[in-house]
Amino acid sequence: MASLDLGLIGNGTIGAFIDPAGEITWACFPRFDDDPMFCSLLKERASPGDGVGFFAIELLDCVKTEQRYVHNTPVLVTRLTDSGGGAIEITDFAPRFEHHGRIFCPMMLVRRVQRLAGHPRIRVRARPAQNYGQPLSATTYGSNHIRYAGNALVLRLTSDAAVTAILEESAFFVDDAVTLVLGPDETLQERADDVGRRFLSETTAYWREWVRSLAIPFEWQDAVIRAAITLKLNVFEDTGAIVAALTTSVPEAADSTRNWDYRFCWLRDAYFVVTALNRLGATKTMERYLSFILNIVAEGTDRRLDPVYRITGRRLPPERVVESLPGYRGIGPVRVGNQAAEQVQHDVYGSSILAATHVFFDRRLTHQGDESLFRRLEPLGERCAEMFDQPDAGLWELRGRRHIHTFSAVMCWVGCERLGRIAKHLGLTERAAYWCNRAREMHEVIAKRAWNAKLGTFVATFDGDTLDASLLQLNEHFFVADDDPRFVATVRAIGKELRRGEFVFRYTQADDFGTPANAFLVCTFWYINALASIGERDEARRLFEYVLACRNRHGLLAEHIDPKTNEQWGNFVQTYSMVGLISSAIRLSKRWDQAF
């Protein structure tokens, strides 16, 4: 049965998930949001030619499996042992390193099999699919390679193993090592073994040097490093876009039909990612993402921003259901595209301004924000002022209704407030006064209409009477102070109303798809941070440790979690969840100078 006990490898061009036995169960080519040529995560294995899509290296008579990441890298090692003591080690990675002054991150996966003991026999099953789980158009081969032809792409598998054994899926002994390089339909200029060794060495060195540059908290270092690497793997190197997750249609809960495609760049989610990485010192991600945002904005200020874009910066195609994949554990539907792109979500304007704000104040950056950039952001601020008190689908992307959501309104206020700060920083006195006045007026309206005096809390919608977890972000964006009695009361009310066991739900009311069954993980991290803010640090630390224990064996988190069983659900790996882990660790950790 499929599970999310998976390891992630990648390089900023492609990403792949590998199960505990060493099978690649999900990988899209040639980019994150393209065709999943390996897709057994959403379709169980069957006979050759059925178009399942997987890449397995099987040890015959295997009785034991172990799996781990190479320290401070996304290089995954799977150790398999047979009943006779034979053992192999599979090392999986996607090459990424600096080459001729640029980042080399090809559409390529490398799998190296090393004999460790005994006389192990293996079987290689490489069965790419196309068009979401349908059979390939053709398979051809040469002396040391196999070509897998789809309608839109041809992959080439080059190996020093016998091509016939791979084609016929025959078992063979591993005397020393076997290398398999899967990538573009191009001839390798070196032996597969030499390429594998060199790429592994340089990729490992790249990631360890990248990790060395991070400014991490004293406590929970391994968890934070793994989260940071994982976020980096969700950044599309070519454009700077950041995907919410690398999968589609892993359901939020069993039989919920809450199956969405997350292989795209949400402007809101991406802001949280760049902020988390920036706090760790990984500033290049933010600079690249800002270029992505500005290119979208430059398309025209007369058209509203979509909440989500393809990683190329283009608008999403209409959402559709594919029948060729039955779904995770057979739970459909499998969706391609996301209807959220058609929604009105006003918070995206504030999120875009927030992402750019760092550039004006962070002196570490090569390119500093100037008046020209400020003028390009002002039209987004005008949208914020215009839309803050208008109904939208909200950050939870309700499909069947609209409200004036408090979070959307606050994010619009944030956009205008930050423009005021930027204008002051640049010495633009007139513009500073303009934006500060707009922000002040908006704050007064929001504080009045989002506060329910009868309940004694802020509420999810203007003039409403329900809570949602986004209210836990009010202090993070400086709309209220940490010790504001209204915020303290809201945190306590959310802990009472939205908490189930050790997890906080985003909301508990029924929506277009019924009542939520599982908890959206980032909300619990928001609650942990809010607890720390209002002085309940011990409880925050206890809860944080509990959530950390719910990660999979590799330290990874999905989107949702079952509050009764702690089983993870939803698209994987969810960047929101990994961002939450980082932000809580930074907030709760002992300081380095107080740790000894």
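Colleague: Before we start, what should I know about the numbering and the model?

Modeller: Residues are numbered from 1 along each chain as its sequence is written. The model is predicted, so local features need pLDDT of at least 70 and side-chain atom pairs pLDDT 80 or more, totals for chains, interfaces and linings use all residues, and side-chain values use heavy atoms, without hydrogens and water.

Colleague: How many cavities of 30 Å³ or more does a search of the whole structure find?

Modeller: A cavity is a set of points, on a 1 Å grid over the protein atoms alone, where a 1.4 Å probe fits but cannot get out; lining residues have an atom within 4 Å of a point. A volume is the space filled by probe spheres set on the points, which are joined across faces, edges and corners. Here the search finds 2 cavities. The largest has a volume of about 340 Å³, and of its 25 lining residues, Trp 260, Tyr 262, Trp 396, Glu 397 and Arg 506 are the closest to its centre.

Colleague: Which classes of residue line the largest cavity?

Modeller: Ala, Val, Leu, Ile, Met, Phe, Trp, Tyr, Cys and Pro count as nonpolar, Asp, Glu, Lys and Arg as charged, and the others, Gly among them, as polar. The lining of the largest cavity has 12 nonpolar, 3 polar and 10 charged residues. In the second largest cavity, of about 30 Å³, the lining has 5 nonpolar, 1 polar and no charged residues. Its lining residues are Gly 15, Trp 26, Ala 27, Cys 28, Phe 32 and Leu 246.

Colleague: And how do I read an aromatic pair?

Modeller: You look at the distance of the centres and the angle of the planes. Rings of Phe, Tyr and Trp (its six-membered ring) pair if their centres lie within 6.5 Å; planes under 30 degrees apart are stacked, over 60 edge-to-face and the rest tilted. This structure holds 27 such pairs. In one of them, Trp 396 and Phe 520 are edge-to-face, 5.5 Å centre to centre with 80° between the planes.

Colleague: Are Trp 396 and Phe 520 buried or exposed?

Modeller: Buried means under 20% relative accessible area, exposed over 50%, and partly exposed in between (1.4 Å probe, protein chains only). Trp 396 is buried at 12%, and Phe 520 is buried at 5%. Both rings also belong to a cluster linked by ring pairs, together with Tyr 271, Phe 272, Trp 526 and Tyr 576.

Note on methods
On a 1 Å grid over the protein atoms alone, a cavity is a set of points where a 1.4 Å probe fits but cannot get out, and a pocket is an open set with protein on both sides within 12 Å along at least five of seven lines; lining residues have an atom within 4 Å of a point.
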